[in-house]
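Subject: Handover of a structure, with notes on what was found

Dear colleague,

I am passing the structure below on to you, together with notes on its side-chain pairings. Please read the notes with the coordinates open beside them.

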Amino acid sequence: MDKNLYIDFHVLQTVPPSCVNRDDTGSPKTAVYGGVTRARVSSQSWKHAMRKRFLEIFSEEQVGKRTKYAVQMIAEEIRALGKTEKAEKMAETALANAGIKIKNAEKGLDVLLFMSKEQARELARLIAEGNENKKEYKDALAKAPSVDMVLFGRMVAADPSLNYDAAAQVAHAISTHRIQNEYDYFTAVDDCKEEESAGAGHLGDVEFNSATLYRYATVNVKEVVKHLGKETPAVIRGFADAFLYSMPEGRQNTFANRTVPDDVYVAIRTDQPVNLSGAFEKAVVEKEGYVAESEKCFRLYAKQVYQYYVGEPVTAFATGSAMKEMAPVMPLKELLDKLERWVEEQLSDCEVV
């Protein structure tokens, strides 16, 4: 695939009182944007939630593991080949041959290693066969990436040749408006304490906020095709599904805050990705809630950006009646179907293996 193709996902999503992503003090993460404090959910937090949903969308073979216990992963594959003795030692040797340093296999590697099941299986095969060609070990760790490895990238500090550039980028979600964190003071009653005894068994507080969030992600289709070929349409659909339906799980039991998007706008471009967060640089002011005003600001800003800077997208799909001025509106499941078919049609015009 020679032409550039970027798929931008824009989402407006309201989250009730919650603390889905905490900082080191336990407070909901925030950011100052446009001179005012916004609620923030980090991209790392949302990508972790997406990778968990990938386990429901893709097969075990397609999803990798980011772990310090790569030795155990390979040892398991070695045992599957019938080499039950010294499997861990053989796995250590396989990783060493691939250029990965191991100080203590039982405690794990010094850093996390992102590895696909196929890569672990191939390393196991090489060591089980007694192969001593270190280049083949390194090739095994460089080939057959998992879906999430292609989408989110891999960095191996010890050997940059094993790195993968991420095909997808996920922005930190921010509220479209000013927020102020609040505190929930709570008590817990001791069920076995005598009734006439005063006082609670436990006191505490939880910090939280509520917000209408602007979420953005983009996928470089060309980069996905480079590694995954004909699997690309299904992978794009899976990414979209995970981005639109996942939710970080911070304090989920406390707040039961899981929601779905209010609006989804998917724009396909051939020039560059376009983040439209500028629509909310001036914080939305509440009139009758924040959603309607956020939708209005988003539409106006997108039109200005398209008119004066980058032009209209090649095509677009949307969910949510407020987006009908910008793209055909449809149920979210139908949007995912249409997006997958559209990508398939583009690849059918190219020589993709």
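Throughout this email, a residue is called buried under 20% relative accessible area, exposed over 50%, and partly exposed in between, with a 1.4 Å probe and protein chains only. This is a predicted model, in which local features need pLDDT of at least 70 and side-chain atom pairs count only at pLDDT 80 or more, while totals for chains, interfaces and linings use all residues. Residues are numbered from 1 along each chain as its sequence is written, and side-chain values use heavy atoms, with hydrogens and water left out.

Overall picture

The secondary structure of the protein chain comes to 11 helices and 11 strands, where helices (H or I, at least four residues) and strands (E, at least two) are DSSP runs numbered from the N terminus. The C-alpha trace spans about 75 × 70 × 35 Å along its principal axes, and 49% of the 353 residues count as buried. If contact is taken as heavy atoms within 4.5 Å, then among contacts between residues at least 6 apart in sequence, 74% join residues at least 24 apart.

Helix α1, which covers residues 43–57, has 15 residues and reaches 20 Å from its first C-alpha to its last, close to the 21 Å expected at 1.5 Å a residue; the expected span is 1.5 Å times one less than the number of residues. The buried residues of α1 are Ser-43, Ser-45, Trp-46, Ala-49, Met-50, Arg-51, Arg-53 and Phe-54.

A search of the whole structure finds 10 aromatic pairs, a pair being two rings of Phe, Tyr or Trp (its six-membered ring) with centres within 6.5 Å, counted as stacked when the planes are under 30 degrees apart, as edge-to-face when they are over 60, and as tilted for the rest. One of these is the stacked pair of Phe-54 and Phe-152, with 6.0 Å from centre to centre and 15° between the planes. Because Phe-54 lies in helix α1 and Phe-152 in helix α6 (residues 147–152), the pair ties together parts that are 98 residues apart in sequence. Phe-54 counts as buried at 0% relative accessibility, and Phe-152 counts as buried at 12%.

The rings of Tyr-214 and Phe-280 have centres 5.5 Å apart and planes at 45°, so this pair is tilted. Tyr-214 is in strand β9 (residues 202–220) and Phe-280 in the loop between β10 (263–269) and α10 (291–310), so that the pair links distant parts of the chain, 66 residues apart. Both Tyr-214 and Phe-280 are buried.

Ring pairs also link Phe-9, Phe-54, Phe-58, Phe-152, Phe-239 and Phe-243 into a cluster. The charged end of Arg-215 sits over the ring of Phe-243, 4.2 Å from its centre, and also over the ring of Trp-46, 3.8 Å from its centre; the criterion is NZ of Lys or CZ of Arg within 6 Å of the ring centre and within 35 degrees of the ring normal.

Salt bridges

The structure holds 22 salt bridges, each defined as a side-chain nitrogen of Lys or Arg within 4 Å of a carboxyl oxygen of Asp or Glu. In one of them the side chains of Arg-121 and Glu-118 meet at 2.8 Å, N to O, and these residues, being 3 apart in helix α4 (residues 117–128), are separated by about one helical turn. Arg-121 is partly exposed, with a relative accessible area of 28%, and Glu-118 is partly exposed at 31%.

Glu-122 and Arg-125 also meet in a salt bridge, at 2.4 Å, N to O, and both lie in helix α4, 3 residues apart.

The side chains of Arg-237 and Asp-337 form a salt bridge at 2.3 Å, N to O. Since Arg-237 lies in helix α8 (residues 232–245) and Asp-337 in helix α11 (residues 332–348), the pair ties together parts that are 100 residues apart in sequence. Arg-237 counts as partly exposed at 21% relative accessibility, and Asp-337 is partly exposed, with a relative accessible area of 32%. Elsewhere, salt bridges that share partners join Glu-60, Glu-61, Glu-77, Lys-117, Glu-118 and Arg-121 into one network.

Best regards
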